[in-house]
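Please read the briefing below alongside the sequence and the coordinates. The points are grouped by topic.

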Amino acid sequence: MKIKLILKVLVCILFLSSNLNAQNLKVILKGRVIDEGTKQPIPMASLFAGTPPKAITFTDENGHFSAAAVVGTTVTFRYLGYQPYKLKITGAQENLVIKLKELDNSMDEVVIRGYVARSKEVTTGSSFSVKGSEVQDVPVANVEQLLQGKVPGLNIQNNTGAPGFRGTVQLRGLATLAVSNSGTETFLQPTSPLYVIDGIPIDADKASEMGFNLQGPGISPLSLIPQEDIENIEVLKDAQATALYGSRAAYGVIIITTKRGHSQIPRIRYTSNFFVSTPPALRQTLGGNEERALKLQQIYGNAVSFQDIIRISQTPILSDSLNSYYNNSTNWQSIFYRTTYNQTHNLAIDGGDEKFNYKSNVGYFLSNGILKNTGFSRYTLNMNAELRPNDRFRFTAFLSGGVGKQQKGDGLGFLQYGVADNAQASSLLPGPSFYQSSGGVVSALQTLNSNATRNIRTSIDGEYMFLPGVKLASTFSYNYSSDIEDTFTPAAANQQFSQVYGFNGRSSALYNRNMINYNATFNKKHSIYVSIANDINDQRGQSSSIRQARTPNDQFQGPLGFDASNSAGGGVLGYNRGRLASFWGAASYDFMRKYVIDLSYRIDGTSSSGLNNLYSKNPSIGLRWNFNKENWMSAFDWLNTGSLRVSWGKNITPTASLTSIYGKYNIGGNYNNQQSIGVDFGSIPNPDLIPKTREMYNFGLDLSMFNGKVDLNVDAYYSDIRNELYNRNLSNTTGFGNLPSNETGMVNYGYELYFAVRPLSNASKFKLNLSFNAAWNNNILTRLPVGYNGQNILFADNGQNTILRVGRNTLSNYLLVNQGVYSVNKDVPVDPVTGLRYQTNGKFYQAGDPRIKDVNGDYIMDKNDYQITGNSQPLLTGGMSASLSYKSLGINIYASYTAKRTILNNALASRLSIMNDPFGSDPLKGSKAVVALPDIDMWRAPGDVAKYPYAYDYTRYATIQPFRYDQTLWEEDGTYLKINNVTVFYSFPKKISQRLGVSNIRVQASVSNVITFSPYSGPNPENVTALGRDLSAGYPNSRDYIFGFNLDF
Amino acid sequence: MHMKMKLIHKCISAVLLLICIVLPSGCKKYLDIKPLDQLTGNNFFKSKEDVEASMTSIYLKFFQKISETWVIGAVGESRSGEAFAVINSNSYSTRKVVEVLGQNNMNSAINDQPWHDTYHFEQITNWTAYYQVIQSANILISKLNEGIPNLSEADKNRYIGEAVFMRCFTYFWMVRLYGDVVYYTKAYQSEPLPRENMVSVMNKCIADMKQYKDNLPWTYNDPSRRGVRANRGSALALIMHMNMWNAGFDAGHTTAYYEDAVKSGQELLTQNGNAFRLLPIENWAEVIKGRSEESLFEFYQSVNYGDNTSPLAPFADTFLHYPYKFPASAYQTSLMAFKSIYMTKLFPVDEADKRKDVWYADIYSNDGHFMMPKFAGNIYASGNQDKNPDNSYLIFRLADAILLQAEALAELGRDAEAIPLLNQVRARAGAVPYNAVQGGLKDFIFLERRRELQGEGHTWFDLVRTKRILSQQWASHPLTVEQFNRGAWTWPIDKNSLNDNPGMTLNQYWVSGAGI
């Protein structure tokens, strides 16, 4: 007992004395705070001590700290976005290395602004990050596809399934009025965000530079980045964030950072995916005898003259049912569509430490298209190495090479007319064979097309701190691409003349950026950051093409002979050269990381904007208040971080070209034996053109709550686009076609929401992450040139006109209003003056005909009865995800949705119109395969109340045009919810994998494009053009079943 | 610390200074790229060659416009009904258009089958290309006034003169086709304007042309430019024509117009320094080939230069047959002919006139044997080549100006001055001189113009401006006064002209129907 007592006392004394000692004994702590993952130093991390904890010091820009602390107390290292690290002080320490672990909290990342990495806590712009790990589940040719539904405000519609092609990308709404082509093929000029890949701005729209609908040779550089190599993707949304990227960033900026080496022990990771791509459900058709029976029934039931009955006997495909030639049941669609087996392989090696690290990534991707004779393959090799011999010097080198190959068949890629037309051939015909082959079939299946891009990107990046806090950074990059397209069309597909087409293009971009950054903190309260920089960009490109028709033989594809009268091309097709020089400055100040102000100003000079108006100026300002740092907020301990952001900025984009400013002169014919060079009368030059301005206000609220379990970001924006280039049509008395003018404008405003929850406790073996995002964007046309009187109708060949009307959503449809179907003849209105029934094209409406609104009340349906209706742009877009894991088994589900959008169901229009001609123009080939219509709510007999007009009365197609494209009958709600992919993965236990000589094995199985829920009655509400026209000639999206695995060595 | 800060500040300001001073000036140079694959405004109009090429394009543009279909024939020679399609000739049904034109039924001539697909006369209703000529001329003038490097003052003035001539000539041409037209002289006119009264347009053009006519030489030392490029003779002939036109439509001021025409005519005929002369009728092929001393203004073409106008374009495409047109199987007869009653009126059977033999074959035949070898010089086709003779498109020539001068003098009652001029033209043709005692001088001059200028695109306009179109005596298919006043003499205007031009109106006669 005594002993015990003595011991207790001793302990007490010891404890007291140590306390006493501690109160007296202050020791010096020196060391460094680094990120556990990246091993990068963490500047401005705070050290807290005492009760209540008080900040005693901050780390400097290299993560170094030096502080005095009392032995026995605890010092807490804190840095926003990292788990706090507690250190019990036992004595003085000189070389502490504190590794902070990142919190799983979207709020607290390091983000890139104006090519400089900064803590998100002190940035004022609106941006959103997607981790590389979120884009690994499904192998894709273009990683952009996987961003669909992941970033609030980034509206991605994967509207083509053609392998290697891009869908449409819009950030924060419509940003252009430029519409090309018309009718079904109305396309919107792409307004793609600027991509910055490893610090180098890249032109992602390269492949569409030939025109908007005509996919030119070449492959988007985005399709040449393997998804396995992506570390992080950051999307900059508001003008404050994008202003530093200048005029090219008017449609937002997407920054892609590839992986770096950060492992002391070299790591090798092998990833492989095998996937099966399947075509979507094909159109239901009637085969063989059923087709013939239906057509005969249609003729007997609706013929208006005996001639039609006689014509049956003149149409062997209908009458000669005993002839084996006409006695088939060929499913033509199956000839074009197929299920394909594909694979990807990727090998990544990385290693190194802070002083030197390296990475290399070798990838192979193969995707055969679900349309025969199409596909995409890619080989890539990416490397980088970083040297950091001391704290003052850093040097990085990147090298990336890629070969992408596309086969487009005989189509343009996302348009496949040959297939679309021929897949509808009559099923009574025998399948394709040599003597019967229709040109279209041979053309679709036998045209040899190879569209290849070889791309090399190199860059070096150096950084030197020549004074404390002052860094000089310089980047050089060179990007070279060679684009080749070769097409050989066999004789049978081209009116018995084979043809060779060759395109050869090259382009390069030289880029240099120099920056001086200054970073300092005064009195541990005031931090400033100043950056001055310039960059220059020199781009050039040249292309040429040849076309030789009538080569002697299908086997002989070259060298080519010469036949001047039937061959074309051979000269330089395109030549472009552009230069860009920019200067910018950015300054940022924060007080205690609580109040932040960001200012930036960038001047861009572009060679295309003419010397009178050389520079465009992009200013921005942003404010941020991290209100959780206020003392009065300490009561709300459930709130981890909270901040309010306000920003304003302008992106000025020169839209002029040398042609639009100075005019253009064309080499013309000879007159009196002299060369003429005359004015080009396409556009009148407009020297007063001013650049397009996109001015954006952004208000943001970021909250992170309950220890990072709940994240909420809300953004509201107002974006005013002014001086949009618009080619105003001119009176023909000016001789010119149009005047490029600045007299248009539009406004986008909207809200974005991101919400993420991790509901389960950290202790739970289950991990569940749920996230949801939504973006509501309203678009309003605010201005048109005066002469248009507030409205301009873009008339289309098929009547599906687009209208621009000030005060409304910019791109509306201008159509005839369908009000149903006349049930009985009595329903047709009668003109009380003439006593005649409502009519069109000289024919009176009757039961079974569409009830089209007589807008002007003249009892004649004609072009004066069009009305404005619908909105081709979606109002609401977004996505959601859920991932659940238990130990090493997990499931990820991603979904995306689009709502409030008008789609024109041209697929149904063409499907119903197939009935228009049961005979077919060519009696031997017959008409198209007929489609069963039992599922269609169609008028069949007087008294029926139906949605769709009577399809079988083929005699009325020419005049009444019951299925005319230009009516609201085809307008449908394009809302959809798509389960993009479902992935199940499992990592084998270490024991098993190590027994196999591998450190880690992960297997996964996915399905992509799982299911789409939609009220839309057409094939796929996503497979439509940017203007909402369902294109039956489009390339459908496939569904993929994927099995993949990772091996880490 | 303080020292360091200062140093930093110094460094930053030095760098800023460097960026501010050195870069922007170099920058401008760096950003100034002249594209190689196209001529933009900033790399064109840099030399005399550019001006020359631009001027060439203006002539070419006009020439292409009037050779896109059977323009001269349709606008100038067939609307009064003297020509007919030869029955059973090659593609007879198509050629019947000449009779539809002859009834002044323009809507049918433009729109109806079977001729529409061949002739496309709707092209004539579209005036865009004429305005392109005007814009081109205006742009060239403004660029010349801004200054072209290394272009002499004399050259500059001459080019301005040529461009002004082409501008005024185009307005003149359009006024005769469409009546009131939109008038402007500003380069890069982009705002829409309403149509302006044609008399006012002509008056502005007369003033414009008078101001610049002396910029032009009487003729060119380079024979390839003679008659082809605008000269002072072209300008004066144009002034005369514009005055004569206005004299027909501006009733209050006829005398002033005739006097002005006479004044210009005198300058043209007496002060030209022997630049122009009437060639002997035997040398007619030289005149019709072009670049002759008789030519005041013409659109030249030559197969030797590879020029290849539409086979429909020449007036005489349909008024010739084998052996002037090939292949013989297709052209055994002319496709069109003038009525013998009309030809008899022009060239009475028993009056000597070399033109009857040199310019016509089977002049009174009233069928497909009728031919106009006037336009058949310089044949190069043979065998199965379906090509027209290689001739130029005469616009103004000396004989035309002489007769116009005679007409103006006669209108002023100065017959004594008019008759020698009239007889100068008749003498060249080997015809009996006109004698004052015959009387009817004005009518005689009108007929002389028909004889001399048939096929050269003057007939209809002479009928219109002298109002002879109202009389059966002068036109097989006359117009009523009511029709005339409602603009039946004009061409319809393409309705696209209404687009983007709120002040525009079409020619109402053709929109609201032909009336009575």
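Is B:E407 buried or exposed? B:E407 is buried, with a relative accessible area of 9%, where buried means under 20% relative accessible area, exposed over 50% and partly exposed in between, with a 1.4 Å probe and protein chains only. This is a predicted model, in which local features need pLDDT of at least 70 and side-chain atom pairs count only at pLDDT 80 or more, while totals for chains, interfaces and linings use all residues. Residues are numbered from 1 along each chain as its sequence is written, chains are lettered from A and ligands numbered from 1 in the order in which they are written, and side-chain values use heavy atoms, with hydrogens and water left out.

**Chain A overall**

- Chain A contains 11 helices and 52 strands, helices (H or I, at least four residues) and strands (E, at least two) being DSSP runs numbered from the N terminus.
- Of the 1049 residues in chain A, 56% are buried.
- Among contacts in chain A (heavy atoms within 4.5 Å) between residues at least 6 apart in sequence, 70% join residues at least 24 apart.

**Salt bridges within the chains**

- Over all chains the count comes to 70 salt bridges, a salt bridge being a side-chain nitrogen of Lys or Arg within 4 Å of a carboxyl oxygen of Asp or Glu.
- In chain A, A:E752 forms a salt bridge with A:K237, with the closest N and O atoms 2.8 Å apart. This pair links distant parts of the chain, since A:E752 belongs to strand β36 (residues 738-757) of chain A and A:K237 to the loop between β17 (230-236) and α2 (239-242) of chain A, 515 residues apart. Both A:E752 and A:K237 are buried.
- A salt bridge also joins the side chains of A:D702 and A:R645 at 2.9 Å, N to O. A:D702 is in strand β34 (residues 692-705) of chain A and A:R645 in strand β31 (residues 639-653) of chain A, and the pair links distant parts of the chain, 57 residues apart. A:D702 counts as buried because its relative accessibility is 4%, and A:R645 counts as buried at 5%.
- In chain B, the side chains of B:E407 and B:R465 meet in a salt bridge of 2.7 Å, N to O. B:E407 lies in helix α17 (residues 398-411) of chain B and B:R465 in helix α20 (residues 459-465) of chain B, so the pair ties together parts that are 58 residues apart in sequence. B:R465 counts as buried at 6% relative accessibility.
- Salt bridges that share partners join a set of residues of chain B into one network, among them B:E294, B:D353, B:R355, B:K374 and B:E456.

**The interface of chain A and chain B**

- The size of an interface is often given as the accessible area lost when the parts come together. Between chain A and chain B the buried area (the accessible area, with a 1.4 Å probe, that two parts lose on being put together, summed over both) is about 5,200 Å², of which carbon and sulfur atoms give 66%.
- In this interface, 57 residues of chain A are in contact with 68 residues of chain B.
- The rule finds one salt bridge across the interface, and the side chains of B:E191 and A:R728 meet in a salt bridge at 3.6 Å, N to O.
- Strand β28 (residues 568-591) of chain A gives the most to the side of chain A that touches chain B, with seven residues.
- Strand β32 (residues 664-671) of chain A pairs with strand β1 (residues 39-40) of chain B in the antiparallel sense over two bridges, two strands being paired if DSSP finds at least two bridges between them. Within this pairing, B:L39 in β1(B) is the bridge partner of A:Y665.

**A hairpin in chain A**

- In a regular strand the side chains alternate between the two faces of the sheet. Strand β8 (residues 110-113) of chain A has a covered face, A:V111 and A:R113, and an uncovered one, A:V110 and A:I112.
- β8(A) pairs with strand β9 (residues 116-119) of chain A in the antiparallel sense over four bridges, and A:R118 in β9(A) is the bridge partner of A:V111.
- β8(A) and β9(A) form a hairpin with two residues between them, and A:G114 in the turn has a positive phi of about 55°.
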